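Please look at the structure below before reading the points.

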Amino acid sequence: MPTNGGISTAGGAQSNVGRTVQSAIYRAGVYGRRPVVPTSPDALADAARRRMTRTGWSYVVGGAGAQRTVSANREAFGRYRIVPRQLVDVGERSLRTTLLGRDLPAPVLFAPVGALELAVQHQRGGRAAAPGNAEPALSRAARDLGLPVVISSQASTPMEQTAAALGDSPRWFQLYWSSDDALVESFVSRAEASGCEAIVVTVDTHVLGWRTADLDLGYLPFARAEGIAQYLSDPVFRGLVEARVRTAASAGEEATSERPTPAAVRSLLSMARHHPGPTLRNLTQPHARAAVETFLDVFSRSTLTWADLAWLRERTTLPILVKGIQHPDDARAALDHGADGIIVSNHGGRQIDNAVASIDALGPVVDVVREWTGASGPGTDGSVPVLFDSGIRTGADVFTALALGADAVLLGRPWVYGLALAGADGVRAVAEHVLAELDLTMALAGVSGVEQIGRANLAL
């Protein structure tokens, strides 16, 4: 159900959602009720920080190096000012759009977030219950709103379970290209069978960035089997694990002689809990630990080139979008090699410190895509969408990205904060707040539909 008497966009076209959400919050305030989660992006993040575990917060919020790219993603929005317009009939407004042939209630998707269980480990049931409290809660909120979920390769729940929870709600699959092509093929096949409508190939994480917050804690969730549910549930991956166990047994390899510590025991217990099967059995057999070691061996691949997209194109009929583009030449190369869409993203500042702000890269990439397609303006060629990711915190941010030419945006950290604070209700509330502000920003800028938003709405 909608929060605070708010909106549910899944049931059909919504008009003037800003007033609907805003009025519901004020009416509830008469009875002393506050919003489910803070509406201010800074207050939202601060509340989540106080609630989450230290390792969970560090993983979700942390970026590369001195965090300069994380800061730049936010600060750069201040360089693109929205121009208000007056006495324009905006009495009826709509956020509806079409993306890859699918009618959507708004140009917003839930971005893929790995190891999502870290956001809910502080909730009832703790770490043991966290995987079951992560993607299922996101799915309930997304289903109510009708907004697409981009399922992560590093999810805490197998994609089949997430798809079942989503029902008829749209979903895409985000692919990290493993060093084992058979595993890549298996992931894509499972995504198709799970009803995913597109494959999002993330190309900017073939190695992990220098993530100082995690490094200072010595914490990588995947080393504890957190966030590797897609792998543990995959038949090809399980075959790799079995081969590893057999090889180790035939070689007579022994366990490490290093003295166990409480942290090591907790890590082993985490591996055992996440591995399929009874925890006690997993503690007495080598498969859980072998699965983590196998994952660390096969995760991602630094030898990929643009030519490899042709290999993927031959193995799926789904649209392929390339995520992680920051340079116009890379956008052109992706299209030349069979990509069906571009996602401008710097991974939320998590990969390279002191990198270009993602919003600064958006306009030049949009221009190249339109040139490549021969399109003359926004919305003239829906076959090659450009999406934006990294730095979206508010509805005004969404408006700015759309004005620079994005067809839709991916919302990331804010909904994770909502999940940490109030589960599915928190995710839903965060999305409603963003959509409400987008709608009100449109009204105040003299725009009645998202298709009308363009660079003329910015003081460029």
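1. This is a predicted model. In helix α7, which spans residues 159-166, the buried residues are Met 159, Thr 162, Ala 163 and Leu 166. They lie on the same side of α7 because the arc they cover around the axis is only 100 degrees. An α-helix has 3.6 residues a turn, so residues three or four places apart point the same way.

2. What lies on the other face of α7? The face turned away from the buried side carries Gln 161 and Ala 164, which are exposed.

3. Several elements cover the buried residues of α7, including helices α6 (135-145), α8 (181-193) and α10 (229-232). Strands β4 (149-151) and β5 (171-175) are also among them.

4. After α7 comes Gly 167, and its phi is positive, near 65 degrees.

5. Now the strands. Strand β8 covers residues 341-344, and its residues Gly 341, Ile 342, Ile 343 and Val 344 are all buried. Gly 341 and Ile 343 point one way from the strand, while Ile 342 and Val 344 point the other way.

6. Which strands pair with β8? Strand β7 (residues 320-325) runs parallel to β8 and is joined to it by 4 bridges, with Lys 323 standing opposite Ile 343. Strand β9 (residues 386-388) also pairs with β8 in the parallel sense, over 3 bridges. In that pairing, Val 344 stands opposite Phe 388.

7. Helix α16 (residues 328-336) belongs with β7 and β8: together they make a β-α-β unit, and the unit is right-handed.

Note on methods:
Residues are numbered from 1 along each chain as its sequence is written. This is a predicted model: local features need pLDDT of at least 70, side-chain atom pairs count only at pLDDT 80 or more; totals for chains, interfaces and linings use all residues. Side-chain values use heavy atoms; hydrogens and water are left out. Buried means under 20% relative accessible area, exposed over 50%, partly exposed in between (1.4 Å probe, protein chains only). Helices (H or I, at least four residues) and strands (E, at least two) are DSSP runs, numbered from the N terminus. Two strands pair if DSSP finds at least two bridges between them. A crossover is right-handed if, with the strands pointing away from the viewer, the path from the first strand over the helix to the second runs clockwise. The arc is that of the directions from the helix axis to the C-beta atoms. Contact means heavy atoms within 4.5 Å.
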